[in-house]
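Open the model in your viewer and keep the selection panel at hand. We will go stop by stop, with something to select at each one.

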Amino acid sequence: MQGNLPPEAQEKLEELQDLQETAQQVATQKQQAETELTESKTALEELENIDGETTMYRNVGELLVETDYEQAQEDLEEKVDSLEVRVETLGKQEERVQDQFEELQQELQQMLGGGAGGGPMGGAGGA
């Protein structure tokens with residue numbers, strides 16, 4: 001069917017496919033950030049139940065490095081704040097991509113025959 005489409009419609013269809021791919025990528029990134037945020041919040045909550053004198057470690061690449069309570073708490077709070085901003089940003093990006101997708105989809109439908117119904121531009125019907 002794509003071979004029979006006018007060039008403008010073919011271009012819109014390709015843009016739609018690109019937007020769909022972008023939407024999937026953004027959704028995946030958002031889901032990963034949300035998962036990481038949940039894990040970090042859980043770790044922060046668990047930290048509240050730990051004695052401040054307890055020896056703690058954190059991952060640095062492939063190593064576990066000793067850290068103190070205050071540093072661990074500060075690092076987790078910064079991570080949570082950063083992830084909250086990331087999730088919010090990805091949510092907004094997801095909405096923008098969805099809006100663009102819907103607009104483009106409507107344009108394509110109008111190109112392929114949906115535009116003959118006399119939409120908002122057809123206000124001068126002679127009766």
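The tour starts with the whole chain and then moves to single residues.

**Whole chain**

Remember throughout that this is a predicted model. Colour by pLDDT. The mean is 87, and 87% of the residues reach 70 or more. Now switch to secondary structure. Along the sequence they run α-β-β-α. Helix 1 covers residues 7-48, strand 2 covers residues 63-67, and helix 2 covers residues 69-111.

Show contacts if your viewer can. Among contacts with a separation of 6 or more, 69% join residues 24 or more positions apart. Next, show the surface. The protein exposes about 9700 Å², with carbon and sulfur atoms supplying 45%. Of the 127 residues, 22% count as buried.

Select residues 116-127. Here pLDDT stays under 50, and the model has zero contacts beyond four places in sequence. Where pLDDT is low, the predicted coordinates should not be read in detail.

**The largest nonpolar core**

Which members of the largest nonpolar core touch the most other members? Select Leu37, Leu44, Leu47 and Met56: these are the ones, out of 13 residues in the core. Helix 1 and helix 2 each supply at least two residues of this core. Helix 2 gives the largest share, seven residues.

Nonpolar side chains tend to be buried together in soluble globular proteins.

A second, separate core has nine residues, including Leu13, Val97, Phe101 and Leu108. Select those four to find it.

Go back to Leu44 and show its surroundings. Beyond four places in sequence, Leu44 touches Gln73, Leu76, Glu77 and Val80.

**Ala72, in helix 2**

Select Ala72, which sits in helix 2. Ala72 has a relative accessible area of 14%, so it counts as buried. Its contacts beyond four places in sequence are Leu47, Met56 and Thr67. Now draw a C-alpha distance from Ala72 to Arg58. It reads 7.7 Å, for residues 14 apart along the chain.

**Between the two helices**

Move to Glu84, also in helix 2. Glu84 is partly exposed, at 33% relative accessible area. Leaving out residues up to four places away, Glu84 touches Leu37 and Lys41. Its C-alpha lies 8.4 Å from that of Ala33, a residue 51 places away along the chain.

Step on to Gly91, in helix 2 as well. Gly91 is buried, because its relative accessibility is 10% and the cut-off is under 20%. The C-alpha atoms of Gly91 and Val26 are 8.4 Å apart, although the residues are 65 apart in sequence.

Then jump to Lys12, in helix 1. Buried or exposed, at 18% relative accessibility? Lys12 counts as buried. Show what surrounds it: Lys12 is in contact with Leu104, Glu107, Leu108 and Met111, neighbours within four places aside.

**Salt bridges**

The model holds five salt bridges.

- Select Glu94 and Lys30. Their closest N and O atoms are 3.1 Å apart. Glu94 lies in helix 2 and Lys30 in helix 1, so the bridge ties together parts 64 residues apart in sequence. Glu94 is partly exposed at 26%, whereas Lys30 is buried at 18%.
- Select Lys79 and Glu36. Here the closest N and O atoms are 3.5 Å apart. Lys79 in helix 2 and Glu36 in helix 1 are 43 residues apart, and the pair links distant parts of the chain. Lys79 is partly exposed at 36%, and Glu36 is partly exposed at 34%.
- Select Glu88 and Lys92. The closest N and O atoms are 3.4 Å apart. Both residues lie in helix 2, four residues apart, about one turn of the helix. Glu88 is partly exposed at 48%, and Lys92 is partly exposed at 45%.

**Last stop: a nonpolar patch**

Which residues make a nonpolar surface patch of about 230 Å²? Select Val60, Leu63 and Val65. Leu63 lies in strand 2. Leu63 counts as exposed because its relative accessibility is 56%, and the cut-off is over 50%.

Methods: Residues are numbered from 1 along each chain as its sequence is written. This is a predicted model: local features need pLDDT of at least 70, side-chain atom pairs count only at pLDDT 80 or more; totals for chains, interfaces and linings use all residues. Side-chain values use heavy atoms; hydrogens and water are left out. Patches are made of residues with over 30% relative accessible area and no salt bridge: like charges are joined within 9 Å, nonpolar side chains (Val, Leu, Ile, Met, Phe, Trp, Tyr) within 5 Å. Accessible areas come from the Shrake-Rupley method with a 1.4 Å probe; for residues, only the protein chains shown count as cover. A salt bridge is a side-chain nitrogen of Lys or Arg within 4 Å of a carboxyl oxygen of Asp or Glu. Buried means under 20% relative accessible area, exposed over 50%, partly exposed in between (1.4 Å probe, protein chains only). Contact means heavy atoms within 4.5 Å. pLDDT is the predictor's confidence in each residue, from 0 to 100. A nonpolar core is a set of buried Ala, Val, Leu, Ile, Met, Phe, Trp, Tyr and Cys residues joined through side-chain atoms within 4.5 Å.
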